[in-house]
Amino acid sequence: MTAKLFEPYTIKNVTLKNRIVMSPMCMYSAEADGKVNDFHLTHYISRAAGQVGLIMVEASGVTPQGRISENDLGIWSDEQIPGLRKLVDGIKQYGSKTSIQIAHAGRKSKVNGDIIAPSAIPFDEHSKTPKEMTKEEIKETIQAFQDGAKRALQAGFDTIELHAAHGYLINEFLSPLSNKRDDEYGQDQYLFLEEIINAVKEVWDGPLFVRISATDHHKDGLTVEDYIEYSKKMKAQGIDLIDCSTGALVNTSINVYPGYQVPYAEKIRQEADIPTGAVGLITHGIQAEEILQNERADLIFIARELLRDPYWPRTAAKQLGTKIEAPKQYSRGW
Ligand SMILES: Cc1cc2nc3c(=O)[nH]c(=O)nc-3n(C[C@H](O)[C@H](O)[C@H](O)COP(=O)(O)O)c2cc1C
């Protein structure tokens, strides 16, 4: 058997050496300036040495107010570009491609000061009540996503992912549970994301992914059927891949088990006819291979397993009875 997990995958002008993506994970390790530091270099470059095909840098704030915490990475200032470039260059030394998830936390931001959202509804009883965004603030935020994309280009990233999942700002506009506006952004709940995609595409023609929460896990919220329709719109706008996570828009308890979100990636791939990424408790090479061979998704996003094992691609290759190339320094022990 040839392991599909280790076959290259091409999107536009970018070829990944395998189908393994390091899923974005906030490390809450930046100073308030949002700049890359030694921790980030060690953390991400180790996974590149471990032969991950695409390293996706954690949710990075397009504005200071749009950070999840004061320790998030940022992409709101030109001063953040040199650190990001150093990180990109370090990752590329090992043949991995690079991506950055650009994000605005909306009502889930835990930074000091005012926070903003489509409507003045707090995430839960422990959260601050956000300020309902004015039209002006909406335009400024769309501009901030475009500026973030420009900086990602200047830093040399191969791909960008827009964070439209997990109850952060874009997700808040998409769902009727958090968007109660009566203007055009409430009547058409896709409009904010649509305008962000258009603005980003004005400055970025490389691969563009969107991470969604493919269901709100709530009786009055969005379901995968709604996200199939949204995914068709994203495809029409030129989005290259939908990264399919779920939930976290509202507090609900969900049943979590190996591959629990794979059916969403599969359904959206089939019904919206767009490449997808599968994520969530995928930890074994055979499990990843099953998803790919059965054409349930195109890329495999690995999060926590890569915290436990930075060389997970090597582990997965062993599990699949195949060998992958080592970084040259490690070839005697690989
Ligand atoms: C420490 C940590 C930080 C995370 N930060 C992000 C993030 O920045 N953006 C995002 O979309 N998901 C984030 N996630 C979710 C992961 O990308 C992934 O979807 C989730 O952990 C399920 O995959 P896993 O079972 O392989 O860990 C984070 C998860 C963890 C454990």
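## First stop: helix H9

Select H9 and show side chains: Gly285, Gln287, Ala288, Glu289, Ile291 and Leu292 are buried there, where buried means under 20% relative accessible area, exposed over 50% and partly exposed in between, with a 1.4 Å probe and protein chains only. The model is predicted, so local features need pLDDT of at least 70 and side-chain atom pairs count only at pLDDT 80 or more, while totals for chains, interfaces and linings use all residues. Residues are numbered from 1 along each chain as its sequence is written, and side-chain values use heavy atoms, with hydrogens and water left out.

Helices (H or I, at least four residues) and strands (E, at least two) are DSSP runs, numbered from the N terminus. Then step past the end of the helix: H9 is followed by Glu295, whose phi is positive, near 55 degrees.

Most residues other than glycine have a negative phi. Select Leu281, which is not a glycine and has a positive phi of about 50 degrees. Leu281 sits in the loop that runs between strand E12 (276-279) and helix H9 (285-293). Its relative accessibility is 29%, which counts as partly exposed.

Now select His217, also not a glycine, with a positive phi of about 50 degrees. The loop that holds His217 lies between strand E10 (208-213) and helix H7 (224-236). His217 is partly exposed, at a relative accessible area of 25%.

## Contacts across the sequence

Go to strand E1 (residues 9-11) and pick Ile11. Is Ile11 buried or exposed? Ile11 counts as buried, at 7% relative accessibility. Which residues does Ile11 touch, not counting those up to four places away in sequence? They are Pro207, Phe209 and Asp240, a contact being heavy atoms within 4.5 Å. Draw a distance from the C-alpha of Ile11 to that of Leu208: the two are 197 residues apart along the chain and separated by 9.3 Å.

Move to helix H6 (residues 191-203) and select Ala199. Ala199 counts as buried, at 9% relative accessibility. With neighbours within four places in sequence left aside, Ala199 is in contact with Ile142 and Gln146.

## The largest pocket

Select Pro24, His166, Arg211, Ser245 and Ala303, which lie nearest the centre of the largest pocket; its lining has 32 residues. On a 1 Å grid over the protein atoms alone, a pocket is an open set of points with protein on both sides within 12 Å along at least five of seven lines, a cavity is a set of points where a 1.4 Å probe fits but cannot get out, and lining residues have an atom within 4 Å of a point. Grid points are joined across faces, edges and corners, and a volume is the space filled by probe spheres set on the points.

The volume of the largest pocket is about 610 Å³. Colour strand E13 (299-302) and helix H10 (304-308), each of which supplies at least two residues of the lining. H10 gives the largest share, three residues. By class, 18 residues of this lining are nonpolar, nine are polar and five are charged. Here Ala, Val, Leu, Ile, Met, Phe, Trp, Tyr, Cys and Pro count as nonpolar, Asp, Glu, Lys and Arg as charged, and the others, Gly among them, as polar.

## The cavity

How many cavities of 30 Å³ or more are counted? The count is one. The space in the largest cavity is about 30 Å³. To see its lining, select Ala59, Ser60, Gly61, Gly66, Arg67, Ile68, Asp72, Ala103, His104 and Ala105. Strand E4 (residues 54-61) gives the most to this lining, with three residues. Four of the lining residues are nonpolar, four polar and two charged.

## Last stop: the whole chain

Clear the selection and zoom out. The protein has eleven helices and 13 strands. Along the principal axes, its C-alpha atoms fill a box of roughly 60 × 40 × 35 Å. Of the 334 residues, 61% are buried. Among contacts between residues at least 6 apart in sequence, 71% join residues at least 24 apart.
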